[in-house]
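I opened this notebook to record what I looked up in one structure. The entries follow the order in which I made them.

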Amino acid sequence: MKRTLQITEDGSHTFYVPEIDEHFHSTHGAIQESKHIFINTGFNLMDKTTLNIFEVGFGTGLNAWLTLIEAQLKDTKVNYFGIEKHPLTPTEYQQLNYAKPFDEGHNEHFLKLHQCPWNETAQLTTNFQLTKFQTDILLFDLDTIPLIDLIYFDAFAPNKQPEIWDFSLFEKLYKHCKPGAVLVTYCAKGEVRRNIQKAGFIVERLAGPPGKREILRGIKPLST
């Protein structure tokens with residue numbers, strides 16, 4: 001899969017995939033998009049001292065890296081599980097400029113996210129443990145990981161990967177979530193919202209980041 005490095009409007013990088021005419025992140029700003037959707041409306045909603053986070057679409061590692069930083073700031077212990085079928089190559093992830101506005105320590109952590117082995121667990125900081133799985137999410141056995149507190153659903157758009165946004169996957173995720181678990185995604189399409197609701201989540205529309213009107217957040221009821 002060919003990927004071309006591009007600069008988004010907030011100065012941070014993304015990759016463009018010509019084969020499917022799709023970007024990894026919003027061209028209006030990769031970092032500001034990830035912070036708004038996954039950190040501000042996902043991670044920051046949680047009030048637990050330990051979180052099991054599951055990401056559908058590890059991609060550039062941006063969401064994981066921002067979570068690592070936030071976990072340090074809030075002294076939250078995070079067990080992070082990411083799924084990616086087509087990982088970046090060393091040449092690709094070494095080009096990404098996400099850590100440049102931060103100190104050298106954060107840059108080191110970003111590289112470690114990518115350098116640690118796939119399908120193994122790595123302790124990157126005292127607060128952040130990462131397990132990356134190189135596989136297709138549709139083939140992944142959720143029973144191999146602990147029950148989930150927070151889901152970052154960041155796959156390519158439904159018109160590019162419709163099978164990933166199907167009700168059946170949201171249903172599997174819902175069943176493997178703890179009561180009160182949260183799912184956040186950039187996609188607010190009606191069919192996606194209905195699939196998440198049908199799976200059992202209580203869904204709300206929230207204001208999106210620059211360039212996007214709405215995003216979705218689903219919450220698993222505390223009792224059913």
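**Entry 1: the model.** I noted that this is a predicted model, in which local features need pLDDT of at least 70 and side-chain atom pairs count only at pLDDT 80 or more, while totals for chains, interfaces and linings use all residues. Residues are numbered from 1 along each chain as its sequence is written, and side-chain values use heavy atoms, with hydrogens and water left out.

**Entry 2: helix α6.** I looked up helix α6, residues 190-199. Helices (H or I, at least four residues) and strands (E, at least two) are DSSP runs, numbered from the N terminus. Which residues of α6 are buried? I found V192, R193, N195, I196 and A199. Buried means under 20% relative accessible area, exposed over 50%, and partly exposed in between (1.4 Å probe, protein chains only). Seen down the axis of α6, these buried residues fall within an arc of 160°, so they line one face of the helix; the arc is that of the directions from the helix axis to the C-beta atoms. The face turned away from the buried side carries the exposed residues E191 and K198. The buried residues of α6 pack against α5 (167-175), β9 (177-185), β10 (202-207) and β11 (214-219). Just after α6, G200 takes a positive phi of about 130°.

**Entry 3: V182.** I located V182 in strand β9. V182 counts as buried because its relative accessibility is 2%. Not counting residues up to four places away in sequence, V182 touches L45, M46, D149, L150, I151, R217, G218 and I219, where contact means heavy atoms within 4.5 Å.

**Entry 4: H109.** I found H109 in helix α4 (residues 104-115). At 14% relative accessibility, H109 counts as buried. Leaving aside neighbours within four places in sequence, H109 is in contact with W65, L68, Q72, L124 and T125.

**Entry 5: the core.** A nonpolar core is a set of buried Ala, Val, Leu, Ile, Met, Phe, Trp, Tyr and Cys residues joined through side-chain atoms within 4.5 Å. Of the 73 residues in the largest one, F54 and F153 touch the most other members. Helix α2 (residues 62-74) gives the most to this core, with seven residues.

Entry 6: By class, I recorded 16 nonpolar, 14 polar and twelve charged residues in the lining of the largest pocket. Ala, Val, Leu, Ile, Met, Phe, Trp, Tyr, Cys and Pro count as nonpolar, Asp, Glu, Lys and Arg as charged, and the others, Gly among them, as polar.
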